[in-house]
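This report describes one protein chain, residue by residue and element by element. The sequence and the model come first, and the description follows.

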Amino acid sequence: MIKKSVKAIIEDKNFVEYCSFYSVDSNEVVNDDSLMNHIQENQTSLEQLIAGYMEMGALNQEICGEFWNCECSSDHADELKE
């Protein structure tokens, strides 16, 4: 596996997401070689995770759109019985 340079990781569009995933401050990552090495070693997995969540977001919106009327109907089902 080819590691990105530290500069490339810091400038990566997902750097903030990496830090959030590991619950660390970005300055802490920049100043801690072990954290940076961990991100470098797991970057491919993190990129796949981010991509998966992005894909699922669109799918979830589609599912919500399809079932929105069902939710609305069930919320008022008790009112309709009375």
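Asn 37 is placed in helix 4; helices (H or I, at least four residues) and strands (E, at least two) are DSSP runs, numbered from the N terminus. The model is a predicted one, in which local features need pLDDT of at least 70 and side-chain atom pairs count only at pLDDT 80 or more, while totals for chains, interfaces and linings use all residues. Residues are numbered from 1 along each chain as its sequence is written, and side-chain values use heavy atoms, with hydrogens and water left out.

With a relative accessible area of 33%, Asn 37 is partly exposed (buried means under 20% relative accessible area, exposed over 50%, partly exposed in between, with a 1.4 Å probe and protein chains only).

**Overall make-up**

The protein chain has five helices and zero strands, in the order α-α-α-α-α from the N terminus on. Of its 82 residues, 17% count as buried. Among contacts with a separation of 6 or more, 58% come from residues 24 or more positions apart; contact means heavy atoms within 4.5 Å. The chain exposes about 6,500 Å², of which carbon and sulfur atoms supply 54% (Shrake-Rupley method with a 1.4 Å probe; for residues, only the protein chains shown count as cover).

Asp 12 lies in the loop between helix 1 (6-11) and helix 2. Asp 12 is buried, with a relative accessible area of 14%. Leaving aside neighbours within four places in sequence, Asp 12 is in contact with Lys 4, Tyr 18, Gln 43 and Glu 47.

Tyr 18 is also one of the buried residues of helix 2 (residues 15-22), together with Phe 15 and Cys 19. Seen down the helix axis, these buried residues fall within an arc of 95°, so they line one face of helix 2; the arc is that of the directions from the helix axis to the C-beta atoms. The face turned away from this buried side carries the exposed residues Val 16 and Ser 20.

The structure holds one aromatic pair. The ring centres of Phe 21 and Tyr 22 are 5.1 Å apart and the planes stand at 85°, so the pair is edge-to-face (rings of Phe, Tyr and Trp, the last by its six-membered ring, pair if their centres lie within 6.5 Å; planes under 30 degrees apart count as stacked, over 60 as edge-to-face and the rest as tilted).

After helix 2 comes Ser 23, in the loop between helix 2 and helix 3 (26-31). Ser 23 is not a glycine, yet its phi is positive, about 55°.

**Surface patch**

Met 56, Leu 59, Ile 63 and Phe 67 form a nonpolar surface patch with about 350 Å² of accessible area together. Patches are made of residues with over 30% relative accessible area and no salt bridge, like charges being joined within 9 Å and nonpolar side chains (Val, Leu, Ile, Met, Phe, Trp, Tyr) within 5 Å; a salt bridge is a side-chain nitrogen of Lys or Arg within 4 Å of a carboxyl oxygen of Asp or Glu.

| Residue | Relative accessible area | Class |
|---|---|---|
| Tyr 22 | 25% | partly exposed |
| Leu 59 | 37% | partly exposed |
| Ser 23 | 67% | exposed |
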